[in-house]
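Please read the points below alongside the sequence and the model.

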Amino acid sequence: MEDSSQSGRERSESSRGLSSSGVVDWNSRFRASDASHDSGFVSKGGRAIDCKDVSLRHWLDNPERTVDALECLHIFTQIVGIVNLAHTQGIAVHNVRPSCFVMSSFNRVAFIESASCSDLGSDSCEDGLNSSSSPLPHDSDQGLSSCLQSSSGHMVQNLEATKNSQVEENKHTFPMKRILHLETNWYTSPEEVDDAPGTCASDIYRLGVLLFELFCTFNSSDEKIANMSCLRHRVLPPQLLLKWPKEASFCLWLLHPEPSSRTKMGELLESEFLKTPRHDLEEREAAIELREKIDEQELLLEFLLLIQQKKQEAMENLHEIVSFLSSDIDEATKMQTTLKLKGGSSLEPAEEATKMQTTLKLKGGSSLKPVTNLNSRRTNISEDHDSGSPRSRKRSRPSTGEESDGHPEESQKSERHIEYKGSISAKSSRLMKNFRKLEAAYFMTRRRGIKSMDKYMSRNCQTSTECRSSATATERSSLSNLSSNRGCNGDRQSEWINSYLEGLCKYFSYSKLEVKADLKQGDLLNSSNLVCSLAFDRDGEFFATAGVNKKIKVFEYNSILNADRDIHYPVAEMANRSKLSSICWNSYIKSQLASSNFEGVVQVWDVTRSQLFMEMREHEKRVWSVDFSVADSTMLASGSDDGSVKLWNINQGASVGTIKTKANVCCVQFPVDSGRALAFGSADHKIYYYDLRNSKLPLCTLIGHNKTVSYVKFIDSTTLVSASTDNAIKLWDLSTCTSRILDSPLQSFTGHMNVKNFVGLSVSDGYIATGSETNEVVVYHKSFPIPALSFKFNCTDPLSGDEVDDSAQFISSVCWRGQSPTLVAANSMGNIKLLEMV
């Protein structure tokens with residue numbers, strides 16, 4: 001056996017039965033307060049290392065440990081079995097030390113790779129070592145790395161000690177780093193001290209040291225160090241000799257200084273010392289196995305109960321979803337029946353719609369899966385953009401009846417029927433194509449409807465016992481009891497359905513964005529053609545462009561739309577000394593246009609004369625945005641990089657108010673119906689809404705964006721849209737702001753890309769148009785967080801005239817033409833297109 005040990009050291013200990021699967025950070029096991037560790041390591045016999053396992057070294061050094069002879073023998077027997085398994089294969093273990101073994105809560109012992117002494121502490125541990133009353137022996141510093149090598153001779157991978165472990169080690173009675181240094185010397189056999197190679201006999205010596213530690217406890221580290229030092233000379237403490245004489249005698253047999261005089265592994269296994277308590281050990285082993293099986297069954301039971309709980313929650317959630325879907329279907333059917341009764345002779349379309357509904361159920365019902373969690377804070381929405389149907393929305397037109405021979409009424413009815421059927425078919429096709437997105441949008445919108453319904457019930461139904469109970473109900477109970485509470489919330493439900501239906505109709509009103517005209521200018525080869533701002537005048541007759549070319553150009557809409565020319569010339573052009581960032585028309589004085597530039601100058605122009613009317617130079621840095629008030633045409637606002645918003649009266653030519661902020665102001669906007677309120681977006685990721693009669697504090701601060709707020713636009717007096725370079729557009733309801741902070745937007749629109757550039761934002765009749773860094777114009781409707789339409793700009797090659805896709809370009813500005821379905825959009829190359837929703 002000893003002759004084969006040298007060759008055995010050439011083999012890997014990680015194979016052949018030791019099942020040491022890697023280096024483990026066992027610091028956590030050395031501390032009483034932290035027994036947790038990553039699982040995934042497998043011990044002898046295939047047992048996985050459990051998070052409750054502790055290091056044998058930690059267990060031995062516990063000051064409160066008492067010696068249980070049967071327990072100690074059980075531990076010792078298991079370690080002897082592990083060492084014997086290695087010896088039968090010609091492998092000397094070398095690492096038979098307590099720090100290389102872990103124990104489960106049932107005293108199951110598993111062998112692991114050793115941990116390096118030099119890595120199990122830091123300066124704090126060194127301090128604890130230096131402050132100790134007992135210095136280290138001189139030989140403790142010798143071969144600290146080599147003594148902790150695996151038998152293959154490779155250094156064990158270093159392990160990191162956290163700050164928490166350092167604190168715990170300092171508090172421990174036996175500082176861990178010090179103990180591991182000492183353990184190396186205690187478990188080094190006499191022949192190894194003399195620089196002889198370790199053999200299987202050396203493992204027997206180490207088993208003797210381990211047996212001594214198992215049966216001998218100490219009250220202090222000094223006492224332990226002294227007794228362990230005497231152990232090398234086979235001097236045992238009197239209390240061990242008196243209390244455990246048989247164990248002490250066996251220990252001395254294993255600790256013989258001459259390797260040849262030590263017992264062999266076979267003799268050790270057949271010794272009376274281990275054979276006598278075998279029956280008791282077998283009973284203990286059987287009890288441990290039984291407890292382990294019980295624990296495994298408990299784990300399985302816990303797992304099955306957890307699955308059951310989650311499936312029951314999913315079932316309840318699905319039941320609630322079906323419940324309120326049924327309620328909505330009933331309400332929609334009721335509304336449809338009411339309309340049918342009012343429709344008289346024009347019921348054919350409604351009947352056709354009913355048939356189409358039935359057809360959809362038959363064709364698609366089995367494949368449409370509902371969202372499985374309405375109450376989750378976020379709803380999964382497909383990332384795909386809506387793709388428009390190739391068929392445009394058909395418009396009804398009166399028939400002349402000339403196509404029918406003597407039956408104009410039948411012909412008109414037949415034509416109307418065919419047109420309506422085609423329209424329904426086109427919408428149904430688009431509905432099925434975007435079903436997943438619309439489904440997700442429905443549940444998100446419906447959830448908000450339920451919350452507002454709960455608020456309404458709690459506010460207005462407190463006098464009724466039924467309503468009192470429903471006011472305190474959770475959102476889940478309000479869903480399941482939706483039909484029973486119809487007396488309180490029926491009107492609110494109808495209101496929600498009408499609102500959703502209106503949004504759905506708006507969403508399906510148009511199928512694509514179509515190019516009405518391309519604006520062709522003579523300076524397309526100019527590299528500085530980026531359009532920063534577009535604006536239509538109050539009547540939609542003219543639109544202006546401005547950007548880094550330092551020019552404001554005004555074009556007539558109809559002439560661009562109707563004239564087929566190689567180059568379109570502006571009807572007015574005004575030059576500026578600096579790059580332009582923003583323009584805005586006066587809604588009352590048709591020929592008046594305001595602009596801002598990169599030098600911080602705000603200017604008002606007379607477009608009819610192409611002359612500068614007024615110039616204001618109070619900003620200290622670049623001005624990003626200007627806006628005229630619709631309600632008060634003399635009021636103008638501007639926001640600047642100097643962190644200020646200035647209010648101007650064009651009759652005075654000077655600022656009449658200033659709002660100072662801590663960050664750059666990137667956009668300003670007046671509400672459509674008031675000149676006494678203002679919203680602006682800032683580089684601090686927030687939107688501020690002020691009552692200008694009290695400009696010391698914002699009336700409301702809107703929090704939700706993660707980057708600079710680049711645009712703010714009012715849809716109506718209380719609904720605001722904001723865009724940011726965080727890739728999102730958010731919809732806000734200012735009427736819900738009750739504590740000066742609003743951090744819950746109504747909607748987040750995320751179907752475009754915007755992470756570094758200002759890409760434009762414009763609103764019209766509930767439609768929200770924005771640019772994208774994919775060189776696309778994207779149109780949303782306020783009711784749904786998914787794109788309704790999109791159009792991709794393709795750049796024109798100046799040499800060939802062909803359109804090419806340039807991924808480096810982006811949309812830089814968009815603007816609706818009043819409340820019409822027409823908008824103008826420009827990209828970073830200066831290409832300008834007139835688009836229309838059709």
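**Notes on the predicted model**

1. Lysine 550 is partly exposed, since its relative accessible area is 35%, where buried means under 20% relative accessible area, exposed over 50%, and partly exposed in between (1.4 Å probe, protein chains only). This lysine 550 sits in the loop between E6 and strand E7 (551-556); helices (H or I, at least four residues) and strands (E, at least two) are DSSP runs, numbered from the N terminus. Although lysine 550 is not a glycine, its phi is positive, at about 65°.

2. On the basis of the work: this is a predicted model, in which local features need pLDDT of at least 70 and side-chain atom pairs count only at pLDDT 80 or more, while totals for chains, interfaces and linings use all residues. Residues are numbered from 1 along each chain as its sequence is written, and side-chain values use heavy atoms, with hydrogens and water left out.

3. Serine 610 belongs to the loop between strand E11 (602-606) and E12, and with a relative accessible area of 30% serine 610 is partly exposed.

4. How many salt bridges does the structure hold? There are 24 of them, a salt bridge being a side-chain nitrogen of Lys or Arg within 4 Å of a carboxyl oxygen of Asp or Glu.

5. Aspartate 537 counts as buried at 6% relative accessibility, whereas lysine 590, at 24%, counts as partly exposed.

6. Lysine 646 and glutamate 618 form a further salt bridge, their closest N and O atoms being 3.8 Å apart. Lysine 646 is in strand E15 (residues 644-649) and glutamate 618 in the loop between strand E12 (611-616) and strand E13 (623-628), so the pair ties together parts that are 28 residues apart in sequence. Lysine 646 counts as buried at 10% relative accessibility, while glutamate 618, at 34%, counts as partly exposed.

7. Alanine 637, placed in strand E14 (residues 635-640), counts as buried at 0% relative accessibility. Its C-alpha is 4.6 Å from that of leucine 647, although alanine 637 and leucine 647 are 10 residues apart in sequence.

8. Which way does H8 run relative to H11? The axes of H8 and helix H11 (residues 245-254) come within 8 Å and cross at roughly 155°, where axes are lines fitted to C-alpha atoms, for helices over the stretch in contact, and angles run from 0 to 180 degrees between N-to-C directions. That makes H8 roughly antiparallel to H11, given that angles under 35 degrees count as roughly parallel, over 145 as roughly antiparallel, 65 to 115 as roughly perpendicular and the rest as oblique. The crossing of H8 and H11 is left-handed, a term used if the near helix is turned anticlockwise from the far one by less than a right angle, with right-handed used if clockwise.

9. Helix H3 (residues 69-87) also packs with H8, at an angle of about 165° and with the axes 10 Å apart. That makes H3 roughly antiparallel to H8, and the crossing of H3 and H8 is right-handed.
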